[in-house]
Structure formats: C-alpha cells, structure tokens
Amino acid sequence: MNGTILVSPKLRKLENATKAYKDLNRVAMMKIKDGGIIATFSSMEP
C-alpha cells in the first residue's frame with residue numbers, strides 16, 4: 001500500500017465533529033464573562 005493510510009468515512013466524520021466541538025468550545029471560552037458557565041452536551045446515536 002506504499003504507506004497509504006485509509007480512513008473510513010465514519011472515522012472521518014468523527015474527527016470532523018470532534019474538531020468542530022473543540023472550536024465551538026474554544027470560542028465559547030473566549031466569549032464567556034468571568035463567573036459564567038459553559039455547558040456542553042453531545043449524543044452518540046448508533
């Protein structure tokens with residue numbers, strides 16, 4: 001396979017979703033005021 005790494009579409013979706021949640025939470029943390037609360041929820045549906 002010449003060092004080629006195959007990534008399944010399901011894994012790629014998970015990686016993209018993980019990055020999106022990380023970015024969303026990073027922005028929330030920059031915008032929240034002192035003493036504010038950030039609540040993050042996610043669901044893993046089959």
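**View 1. K19 on the surface of the predicted model.** K19 is exposed in this predicted model. The relative accessible area of K19 is 51%, a value that counts as exposed because the class begins over 50%. K19 lies in helix α1 together with D23.

**View 2. The salt bridge between K19 and D23.** K19 and D23 form a salt bridge, in which the closest N and O atoms are 2.8 Å apart. Side chains of opposite charge can pair when their charged atoms come close. The two residues, D23 and K19, are 4 residues apart in helix α1, which is about one turn of the helix. D23 is partly exposed, with a relative accessible area of 25%, whereas K19 is exposed at 51%. The structure holds 1 salt bridge.

**View 3. M29 within helix α1.** Helix α1 covers residues 9-31, and M29 is placed in this helix. M29 is exposed, and its relative accessible area is 59%.

**View 4. A nonpolar patch on the surface.** M29, I32 and I38 make up a nonpolar surface patch. Together the three residues have about 270 Å² of accessible area. Of these, M29 belongs to helix α1, which ends at residue 31.

**View 5. The whole protein chain.** The chain is made up of 46 residues, of which 0% count as buried. Its secondary structure consists of 1 helix and 0 strands. The protein chain exposes about 4,900 Å², and 61% of this area is supplied by carbon and sulfur atoms.

Definitions and conventions: Residues numbered from 1 in each chain as written. Predicted model: local features only at pLDDT ≥ 70, side-chain atom pairs only at ≥ 80, totals over all residues. Heavy atoms only, no water. Patch = residues over 30% accessible without salt bridge, like charges linked within 9 Å, V, L, I, M, F, W, Y side chains within 5 Å. Areas by Shrake-Rupley, 256 points an atom, 1.4 Å probe, with all protein chains shown as cover. Salt bridge = Lys/Arg side-chain N within 4 Å of Asp/Glu carboxyl O. Buried < 20%, exposed > 50% of the residue type's maximum accessible area, 1.4 Å probe, protein only.
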